[in-house]
Amino acid sequence: MSDRKPVLRVFPNREALARGAADKIRERATLKLETADRFSLVLAGGSTPTRLYDVLGDTPYRAQIDWTRIHFFWGDERPVPPDHADSNYRIARETLLSKVTVPEGNVHRIRGELEDPQDAASRYEMEIRHYFQTEQLPGFDLVILGMGSDGHTASLFPGSDALQERQRWVVAPWVEKQRSHRITLTCPVFNQAACIMFLVQGTEKAVALREVLTAEGPSPYYPAGLIRPEGELVWYVDRDAASALEDRAGT
Ligand code: 6PG
């Protein structure tokens, strides 16, 4: 976990936020693919990134990123089939994956349809190990994360045992608030990423955002504050989400 200061960019609205995030992804992918043959992108669930996915699947980004060399992963998933309304994979497929040329082998979804969420977690971890061909922590190239109004991120919720996990890369905690299991990457994996990009919008996130960005140290009360990667950490937020910050530096 790093104590590097995060970069905060405040955008005037949802559209500007989505385009700013798309620019960042294009920038990081283009740079990496100059010297590597693939780029690992971890998608977030929830509603905030859907506009970003739409933008990436449209002109000009659709033609500006070599999607055949992008490998898609997910930060978390619900224990549902891939065509279920709640599936994070389904959202990404409909808004982005169906619009760009991605080889099937580049899509590493979490198998939420499996009877046992722990089994889904183990299989996903094996798939990540296979991709990175390492026993060390995997270093994803770019991870997109959202944040809930309670400061949760991915499926790392306040008070969850998953927050303390240091060995496993993927766990399947019971989430009382959701009355369901979730499958999620763990903090050590997130904190090994080359770049973490939080996307946060809406007034309801403002207090949690202030608490996370102003905290002296990581707090289990706001799990998003536990994400402090060795790599780059950027917070892309809209004005509503930034409304509780003193210094609302614009973009
Ligand atoms: C999920 C996400 C979750 C999400 C936050 C914010 O599976 O729902 O991983 O962590 O990012 O709940 O959700 P919104 O973007 O819908 O506010």
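## Burial and basis of the model

Of the 251 residues in the protein chain, 55% are buried (under 20% relative accessible area with a 1.4 Å probe, protein chains only; exposed is over 50%, and partly exposed is in between). This is a predicted model, in which local features need pLDDT of at least 70 and side-chain atom pairs count only at pLDDT 80 or more, while totals for chains, interfaces and linings use all residues. Residues are numbered from 1 along each chain as its sequence is written, and side-chain values use heavy atoms, leaving out hydrogens and water.

## Overall fold

The protein chain has seven helices and eleven strands (DSSP runs numbered from the N terminus: helices are H or I with at least four residues, strands are E with at least two). The C-alpha atoms fill a box of roughly 45 × 40 × 35 Å along the principal axes.

## Nonpolar core

In soluble globular proteins, nonpolar side chains tend to be buried together. Here the largest nonpolar core has 78 residues; such a core is a set of buried Ala, Val, Leu, Ile, Met, Phe, Trp, Tyr and Cys residues joined through side-chain atoms within 4.5 Å. Leu-52, Phe-72, Ile-144 and Trp-235 have the most contacts inside this core.

Beyond its neighbours within four places in sequence, Ile-144 is in contact (heavy atoms within 4.5 Å) with residues including Ile-25, Leu-41, Leu-52, Tyr-53 and Met-197.

## Thr-95

Thr-95 belongs to helix H4, residues 88–97. Thr-95 is buried, because its relative accessible area is 12%. Setting aside neighbours within four places in sequence, Thr-95 is in contact with Thr-50, Tyr-53 and Asp-54.
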